Number of protein chains: 2
Amino acid sequence: MATIKQVAQHAGVSVATVSRVLNDKGYVHEDTRKSVLKAIEELQYNPNSVARSLFKKSSNTIGLLIPDITNPFFPQLVRAVEDVMYPKGYTTILFNSDENIQHELDYLKGMTSKYIDGVIVVSNTLKWEHLERLTTPVIALDRHIDDRIASVTIDNYESSLKALEFLVERGCKRIAHLAGPSHVFTSNERLRAYKDFTRKNGLEEIIQEGSYELQSGMLNTMQLLTKYQHIDAIFAGNDVMAIGALKAAAKLGIDVPKELSVMGFDGVEWGTAVTPELTTMQQPIYQIGKKAAEMLLKRLENPGLAPEHVRLNAELTVRQSTK
Amino acid sequence: MATIKQVAQHAGVSVATVSRVLNDKGYVHEDTRKSVLKAIEELQYNPNSVARSLFKKSSNTIGLLIPDITNPFFPQLVRAVEDVMYPKGYTTILFNSDENIQHELDYLKGMTSKYIDGVIVVSNTLKWEHLERLTTPVIALDRHIDDRIASVTIDNYESSLKALEFLVERGCKRIAHLAGPSHVFTSNERLRAYKDFTRKNGLEEIIQEGSYELQSGMLNTMQLLTKYQHIDAIFAGNDVMAIGALKAAAKLGIDVPKELSVMGFDGVEWGTAVTPELTTMQQPIYQIGKKAAEMLLKRLENPGLAPEHVRLNAELTVRQSTK
DNA sequence: TTGTACGCGTTATCAG
DNA sequence: CTGATAACGCGTACAA
């Protein structure tokens with residue numbers, strides 16, 4: 001609660017001198033330096049971040065805009081971002097948009113007035129025109145928004161193809177797809193891959209659209225399984241739905257993986273909690289967050305940098321839910 | 001990026017007047033008011049929060065200090081807090097301490113200099129002496145830190161007793177306890193209840209200490225089950241370990257709930273994802289967060305308030321993992 | 001090597 | 001009803 005002025009007084013110097021020792025800038029005699037340090041100690045002085053921000057027009061804070069921390073995909077991502085930002089002196093502010101564009105815009109607006117230094121966004125609705133006016137660096141996750149906005153993504157299309165190939169390699173012949181919601185970019189990519197794959201391989205196309213939630217995965221699988229009894233594999237749009245599929249199978253007395261193979265997508269921790277453990281196309285979630293944070297850091301230090309676009313690889317993790 | 005000064009100039013008035021219309025304070029003629037509004041609109045003026053904070057010594061921001069967002073207990077809690085704070089104009093900053101006292105203290109220190117208006121903490125290490133110096137309201141979650149610090153908790157001891165009673169009602173005779181880490185308050189309370197319960201009912205005391213993690217739950221259950229083959233129920237210190245127990249049972253070919261009942265504690269979402277679904281002593285996680293946020297809000301508006309201590313009830317949720 | 005004085009963007013007080 | 005102006009706490013030219 002002490003101010004720089006009080007420290008100055010206490011040490012018998014001017015505020016400028018205190019500021020100098022605080023920031024190791026300019027010359028300051030070793031003796032006065034010591035007495036200042038002593039005063040700081042005695043008064044338990046702590047520099048005021050707000051005043052500093054006002055002057056610097058920077059708050060050492062970044063924003064992390066995600067749909068919903070309650071979605072098991074995000075906790076790890078958030079951790080990764082914080083793990084790299086905090087040691088560098090940055091505080092990260094989390095924001096749940098619920099995919100609501102109005103919330104997103106509100107937040108973006110607030111950022112500017114808080115001198116927030118940068119943002120990492122994962123959003124299906126934000127476009128270039130919304131981000132354009134920001135003077136701070138932006139990193140887009142999960143989805144490439146615009147060439148002018150740096151991004152870190154994975155190839156949902158290619159990865160889905162690989163997952164599907166694995167399924168046929170293991171002898172699956174009738175693969176259904178539990179698609180995610182159609183307003184979600186990644187979900188569409190996975191669906192597109194499924195469609196292309198089945199067409200190219202002359203497989204039957206069986207699609208059921210869900211909502212990326214557990215219940216949805218379960219219910220839709222029940223429908224699928226009762227409607228088409230010959231299905232021998234399910235490729236789910238995400239792990240949570242895949243786990244719902246596992247539950248449905250258990251409920252119907254269908255043996256996984258003997259009678260039915262289930263493939264997830266994402267690699268969330270839940271997948272290891274269930275029995276059988278979920279085979280999945282695993283995104284390097286922590287790596288994605290880490291990479292994004294690192295990119296942001298780089299652009300914070302060097303604002304002129306051209307927008308980088310990195311694409312990480314998802315990796316098939318074979319566990320127990322597939323043949 | 002426009003400042004109040006520019007708006008004033010643009011509207012041909014003084015900054016004082018602009019400030020008045022901005023904050024609806026004091027008298028201002030309707031005509032000048034309109035022209036100011038127009039200027040604001042034209043310049044897309046947005047008040048600068050940092051400058052405002054500096055003057056007001058308040059940032060409309062609260063801190064939320066938790067061990068680890070990656071622990072499935074916390075996402076819901078965080079959501080609850082944000083859901084109540086945001087509509088009231090507060091931003092919440094999340095902080096993961098990893099139960100590291102040094103991190104916690106660092107963070108607390110940073111708070112003061114950022115004019116953060118209040119904190120919600122869930123910590124096993126923080127004591128009165130650490131919080132004493134804060135001038136902002138503090139709410140403790142999960143654990144009662146001191147009478148002088150408001151808190152919202154549940155009765156871990158009583159609830160554990162109830163869970164245990166349920167198990168014996170269902171005919172379980174040899175109940176083992178998968179205890180949580182001993183440095184965690186809630187974990188000790190649950191353990192204490194187990195000890196008292198077994199003693200009072202003349203039951204054998206079988207305790208295995210774990211770390212609240214999935215692997216730990218599984219490994220420790222394996223040991224337990226191979227070492228004491230007569231166990232017919234496991235009372236786990238938390239849901240995650242309980243799910244680990246489920247996995248262990250599956251691996252050993254032990255039927256849950258026929259041969260073994262498994263009882264969790266917490267009520268995290270994972271519990272509904274597994275098969276069989278987990279019977280658990282369910283904490284009202286969202287409610288806890290909501291209540292804490294509401295209490296904080298109340299104390300923010302009325303700083304003089306005496307510290308309130310509310311205790312919420314955990315509720316037995318019977319699903320499929322118990323007889 | 002050190003101190004003075006101004007500016008960062010707001011709000012509030014006090015004249016007018 | 002409106003306008004100067006002094007804070008808020010800090011960092012940095014510019015002088016000394």
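Mentor: Helices (H or I, at least four residues) and strands (E, at least two) are DSSP runs, numbered from the N terminus. This is a predicted model, where local features need pLDDT of at least 70 and side-chain atom pairs count only at pLDDT 80 or more, while totals for chains, interfaces and linings use all residues. Residues are numbered from 1 along each chain as its sequence is written, chains are lettered from A and ligands numbered from 1 in the order written, and side-chain values use heavy atoms, leaving out hydrogens and water.

Trainee: OK. How many residues of strand E1 of chain B are buried?

Mentor: Six of the six in E1(B), residues 61-66, so the strand is mostly covered. Thr61(B), Gly63(B) and Leu65(B) point one way, while Ile62(B), Leu64(B) and Ile66(B) point the other.

Trainee: In which sense do E1(B) and E2(B) pair?

Mentor: Parallel, over six bridges; strands pair if DSSP finds at least two bridges between them. Thr61(B) has Thr91(B) of E2(B) opposite.

Trainee: And what holds strands together in general?

Mentor: Backbone hydrogen bonds, in either a parallel or an antiparallel arrangement.

Trainee: Where is Tyr90(B) found?

Mentor: In the loop between helix H5 (74-85) and strand E2 (91-96) of chain B. Tyr90(B) counts as buried because its relative accessibility is 15%. Leaving aside residues up to four places away in sequence, Tyr90(B) touches several residues, including Thr61(B), Ile62(B) and Leu297(B); contact means heavy atoms within 4.5 Å.

Trainee: Switching topic: what is the strand order in the open sheet of six in chain B?

Mentor: E7-E6-E8-E9-E10-E12, with mixed pairing. E7 (206-209) and E12 (315-317) of chain B are at the edges with a single partner strand each, so each has one side without a neighbour in the sheet. On average, neighbouring strands of this sheet are turned by 20 degrees against each other, direction ignored. Axes here are lines fitted to C-alpha atoms, for helices over the stretch in contact, and angles run from 0 to 180 degrees between N-to-C directions.

Trainee: How many bridges join E9 to E10 in chain B?

Mentor: Four, and the two strands run parallel. Gly264(B) has Thr280(B) in E10(B) as its bridge partner. Helix H11 (239-252) of chain B lies across E6, E8, E9 and E10 of chain B, at about 160 degrees to E9(B).

Trainee: How many aromatic pairs are there over all chains?

Mentor: Seven. Rings of Phe, Tyr and Trp (its six-membered ring) pair if their centres lie within 6.5 Å; planes under 30 degrees apart are stacked, over 60 edge-to-face, the rest tilted. Phe73(A) and Phe74(A) are an edge-to-face pair, 5.3 Å centre to centre with 85 degrees between the planes. Tyr86(A), Phe95(B) and Tyr107(B) form one aromatic cluster.

Trainee: Which ring does the charged end of Arg148(B) sit over?

Mentor: The ring of Trp128(B), 3.8 Å from its centre. The rule is NZ of Lys or CZ of Arg within 6 Å of the ring centre and within 35 degrees of the ring normal. Arg190(B) lies over the face of Phe265(B), also 3.8 Å from the ring centre.

Key
Buried < 20%, exposed > 50% of the residue type's maximum accessible area, 1.4 Å probe, protein only.
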